[in-house]
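Colleague: Hi, could you bring up the model so we can go through it together?
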Amino acid sequence: MNPQRGRASRRRRELAEADRLRILAAMDDTRGDIEVLPCALQHATAGLAGLGALAHLRTPESPHGLRLAASSGLPQAFFALWESIRADGRSVPARAFRRDGYVWLPAIPSPEQALEDRPEDHSAGARAGAATSRAAPGLSEDQPGLSEDQPGLSASGVPPDSGMAAVPLPGPDGPIGVLSVVTPPAVRPGPAQRAFLRDVARWAAGRLRLTAPAAGGGPPALLAAEPGGPGPRRTGRTAPVGRWEWDLKTGETVLDDTMLDILADYAVPREDTRIDTWIHSLHPDDVAWVRESLERAIRERGPYDAEYRVRRRDGGYGWLSNRGRVLPGDDGEPVRMVGTTWDTSEEHAVQESVGRALRHMSDGFLYVERDGRVGFVNPAAERLLGPAHALAGRLLWDVPALRGLAGLRAGYRRATAEGEPTGLDLTWPETDRWYHLRLVPVPDGLTVYVTDITERRRRQAEREAADRAAAERAALMGRLTRALAEAVTAQDVVHAVAESVLPPFGAAGLIVAATEADHLNLVGAAGYPPAFLTRIRRFPMLSDTPVGEALRTRTPQFIESPGDLLARYPGAAGMATAGGKRAWAFLPLNASGRPIGACVISFDQPRRLDEDERTLLTALSGLVAQALERAGLYDAAYTRAQELQRALLPRVLPELPAVTAAARYLPAGQGADVGGDWYDIIPLSADRVALVIGDVMGHGMAEAATMGRLRTAVRTLSDLELPPDDVLDHLNDLVAELGDDSFATCLYGIYDPVTGEFCYASAGHPPPATVHPSGCVAFSAPTANPPLGAADPPFDVSTIPLVDGSLLAFYTDGLVESRDRDVDVGLDHLARTLGTAVRDGRARNLEPLCDTVTATLLPSQGVTADDAALLIARTSRLDPGNVVTWPLPDDPVAAGQARDLIRAQFDAWHLADSLEMTTELLASELVGNVVRHAKGPISLRLLCSRTLICEVTDGSPTTPHVRRTTATDEGGRGLQLVAALAQRWGTRPTPGGKCIWTEQPLTR
């Protein structure tokens, strides 16, 4: 054997024994002696892996004898041999008792040795003593299987080589008994098992309510054995057991002294020991079946077990219980019957008193035998199941009134198999009443208690219904609370109420209105025709209407029917019923201590709301009011934000000869719908156009305000005709003044339709996309300039040459970059979308093109984490034939030459004579001022576009200003004349000086 495996096995056994001792120690102190010894025997048998166990106690009848008190796991034929043994004998229990210590023998003594260990009966004669030696079944010397040829007790069901271990049951004055375990053949208990057996014996002795018998005292309580074991079936009280032997051939019986003592109170003659005399003393009703039982036992050579009534000497009857067995002769035929008898009258008296108590029980009670047959029925059960005489002996589940109860048979089997009480709630057949059946196992069968629980079930159903209603109300409140928490606008609130409130109440219509002065304005509705909603879009808040009263009193008004409405509010009945409804709940919406509106829930049919429903609607109206108030604040803020955004961005993009454009602005999906992205198109002189796009970092009102300041500054700087890098230089100073945490990106560029070039400067902004008319898309190289507020001028300037019809696409990073998409991927999508649209001819109209780009690059739900702006411009070149430039000498004759050149060009362009005279005058004045106040070189340029543009360029950077003149001034009136004759005029710096320009309406 593997030593390690052996140690593990011993360890498991020791743990199991410790667990068993803990179980015994935890046993309820109220358990009587009837349970202590059997429990100890079962654990001792398991701990020693034995075949069974016995417990003997000292008896006062024989100070040197031991009486069997309990057994476990052993057949009846075996423990009958050990029912009474001598304390001074050679048996293992006797040796352990004398030694007051542990004893084990590898083989149980033979039957002959066992007979020798029987205690002598000192009070009976020789005949009675002989009869006693044959009283217990299995003690006859001529019994087959007990001869020397077959040593041991194999005939009694125990292996012949079985051993026995025994320990004393310790008491205060010495052992009070012995606990013995029959061990398997060739198995010797080890030290741990011996110690365990001693611990079990000490526990049992300490828990027994017995003491060693005192002189003159009564015997100790005889404990009940296992079913089929020795001794009477009692509950712990002492019952003397008499022994008898019946000669089947002569009919004579032999009784021991105990048996004679038992019969002292009965009308049985002691001198007449014939069996017939005994039979005639029985109750007349029991004679027949007792005879039949005896005859059957003799005929079948089986056991005899009967309990019957015997006539007492006082004329009454008592109960005796008998057990016996038939012994065959040498020829195998029955010759004798031996057995035991004890008095059970006291038990029956107790049962009768219990029966009388059970008869007065209001609950039904049944006693069911082990085989499932009904043995007792009290009157309450009779009223449910039928008369007792019709139920006695029937199987429980075959009782007519119980056949329809599903689960009864299964419950019976479960209770008997598990030994635990089982309860069943059942509907009684052909009734609407509920009964609870409690099946409680008892030693000899089962008791069934039948209790009417109809009222309890009804109350339980009412509680469950109330709990369900409360749960439904809580769920409704939860759903509406979640829906209203997610509602942003007033329409969201109306939708949430329609979805969450109307279905649970079976309502068909909803109206939500907000107060404004003395009127109610319709916010939203559901379940009403449009014509009716048009009528109530704005209506006065009159006190003689249910809505008016609800708002005035701040109390809901519930209208059950049109008749109820007409009776209470005659003037409002027509309007209310026009909506096609027939019952209403008018709920005031109060928030922040004031009425902010009303909610009307209506029904298609007359409807009376109970108190719970009214309370729930009142509570819901509070939630709706708070949500509607929040929605109103949001709507107001949203409206202001929209107005601000519209004011800050161009309302309409200008239509210019050189550029046509379309744009989109999409605020972020979180917070206010305003942000810091902006775009603009600004017309400049000479048909030039300034294109600008920017992004203030952040999102919200503060960023929008910063964007407005920057856009205004850009327009102001654009009017000064400054180049792009100078514009960004000034913007950088402006952003720096806003604080260290203010930053903005910006791209500012100027498109010149004469040269076809786009010149721009960028401060941290993504470069523009250039789309050739063929569909080829290119991105300019990004500049290294930081954003405004962090930049260090000068700003780099880039120039892009453009062919006629090219597209310029400007955008902010919110369009091409997101948390889920890298900027390079976004730029690739933008380029692919623009190129495909141009090649497919879908770029002729720029408005749809903007929609295509935003739909492709932004989420379909329109929810973005950053603002996004898009500006797409189509550029157009000015026809070279409409542009002429002439150099002029730095001499007074230059003015005359300018007039001559203008007249010749006007003839070539077929322009009106009136425009020619004005243009000559303007050119003469501008050239004359240059000759007089500035320096050359001088040039004259005419541009024929939507307007006629006249430009005079010189080499002086000094900018002329209009000034007031007095009557004596000789000069200073030239620019006043220019301003009076031209539609627009101005100056702009050039690389070599300045340019003074004028515009006039063009008339061909």
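This is a predicted model: local features need pLDDT of at least 70, side-chain atom pairs count only at pLDDT 80 or more; totals for chains, interfaces and linings use all residues.

Colleague: Thanks! Is Tyr-634 buried, partly exposed or exposed?
Modeller: Tyr-634 counts as partly exposed, because its relative accessibility is 31%. Tyr-634 lies in helix 22 (helices, H or I, have at least four residues and strands, E, at least two, as DSSP runs numbered from the N terminus).

Colleague: And which residues of helix 16 are buried?
Modeller: In helix 16, residues 490-500, they include Val-493, Val-494 and Val-497.

Colleague: What covers them?
Modeller: The cover includes helix 15 (454-486), helix 17 (502-505) and helix 22 (611-648), along with strand 17 (509-516) and strand 18 (519-526). Contact here means heavy atoms within 4.5 Å.

Colleague: Switching to the sheet, what is the order of the five strands?
Modeller: The open sheet runs 23-32-31-28-29, with antiparallel pairing; two strands pair if DSSP finds at least two bridges between them.

Colleague: Which strands stand at the edges?
Modeller: Strand 23 (659-666) and strand 29 (777-779) do; each has a single partner strand, so one side of each is left without a neighbour in the sheet.

Colleague: How many bridges join strand 28 to strand 31?
Modeller: Three, between residues 769-771 and residues 807-811. Val-771 stands opposite Leu-807 in strand 31.

Notes:
Residues are numbered from 1 along each chain as its sequence is written. Side-chain values use heavy atoms; hydrogens and water are left out. Buried means under 20% relative accessible area, exposed over 50%, partly exposed in between (1.4 Å probe, protein chains only).
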